[in-house]
Amino acid sequence: MISRENILRKTMYGAGIYAYILRAYYSDETVMHITGRDCGVCRNPFAGDAKTLHIWIEKLHPELEVSEELACHSDSSGIIPDGCCFDFAQIHYGLAGQELLNAINRDMFLHLEEGYCAYTPKTTNMSVGNTSTDCIRFSFFKAPVTNARPFKDITIRDAYNYITGNFAKKRTEELRSIAKTDPKRAKWFKAARFDYCCFSGTFRSRSNSALIEHSGYLCIDFDHVSNLEELFRALLDDEYFDTQLLFRSPSGDGLKWVIPINVAEMPHGDYFRAVESYIRATYSINIDASGKDISRACFLPYDPFAFINTKFLE
């Protein structure tokens with residue numbers, strides 16, 4: 001159902017609505033920095049792009065320990081009235097009422113239409129081809145990346161054991177040492193020396209057309225993250241996606257986030273675009289567009305502090 005309440009649940013109390021709209025005007029900028037409930041002072045597209053827009057999340061009933069919350073704003077220039085995320089969206093869209101809610105739902109890919117949800121809630125048990133997490137496999141490849149023939153099919157637990165073990169420790173340390181002085185050589189070193197996998201399925205060879213079966217996993221690649229550990233914790237706490245595996249990239253300044261998707265609902269590429277929009281709106285981050293390819297290669301580094309969903313350890 002497309003309602004204010006459901007939209008707030010899927011947009012971090014409406015903070016995502018502000019982020020989405022601001023991104024429409026400032027696509028090449030980080031539009032918002034969220035610390036606790038304070039989203040900071042942002043540029044205001046309705047006030048000559050000046051930084052006059054203060055956004056925060058407030059409890060509707062602060063006297064209660066648990067209360068509904070709502071993202072609100074004030075404009076120090078006085079050009080637009082103070083209000084909430086829906087008031088701000090009304091200025092942007094020039095719509096009100098249900099038409100406004102429909103526009104937000106459509107443009108942010110919230111998919112709140114009756115009986116349909118683009119994002120799989122954490123309480124939902126998904127079934128995509130395989131019926132058990134122990135049966136869900138994807139292809140693992142030996143280095144170099146030019147090797148397109150799978151070595152074997154593995155599980156999330158196998159990948160976790162590889163990443164947290166010592167298999168790639170030496171080469172990960174060497175890569176990070178090289179990257180400090182020679183980024184170009186580091187890129188070549190990674191392509192030549194690191195084993196990799198294609199989390200989204202099993203393949204005859206590394207090609208979209210050679211897919212045998214989709215795994216129901218999507219790997220999101222965050223590159224050059226300035227607040228890496230903060231984002232790591234935020235992804236684990238994400239309300240809509242149940243993290244299967246999360247680890248730091250070979251370079252050490254990025255994250256690889258493996259989440260479940262249901263390709264019975266929509267194609268892999270469409271799902272990627274929906275997730276991409278969600279991440280941009282929720283975290284004000286652009287992700288690597290290569291994730292839209294089912295056969296995308298993900299290099300496996302050494303990360304002793306990688307996260308795995310506990311269901312894979314039972």
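This is a predicted model: local features need pLDDT of at least 70, side-chain atom pairs count only at pLDDT 80 or more; totals for chains, interfaces and linings use all residues.
Residues are numbered from 1 along the chain as its sequence is written, and side-chain values use heavy atoms, leaving out hydrogens and water.

On to the overall build. We've got 9 helices and 14 strands; those are DSSP runs, H or I with at least four residues for helices, E with at least two for strands, numbered from the N terminus. The radius of gyration, taken over C-alpha atoms, is 21 Å, close to the 20 Å from the globule rule (2.2 Å times the number of residues to the power 0.38), so the chain is as compact as a globular protein of that length. Its C-alpha trace spans about 60 × 50 × 40 Å along the principal axes.

Now, contacts, meaning heavy atoms within 4.5 Å. Among those with a separation of 6 or more, 59% join residues 24 or more positions apart.

Let's zoom in on α6, residues 169–179. Which residues are buried there? Arg171, Thr172, Leu175 and Ile178. They sit on the same side of α6 because they cover an arc of only 130° around the axis, going by directions from the helix axis to the C-beta atoms. What covers them includes α5 (156–164) and α7 (183–193).

Methods: Buried means under 20% relative accessible area, exposed over 50%, partly exposed in between (1.4 Å probe, protein chains only).
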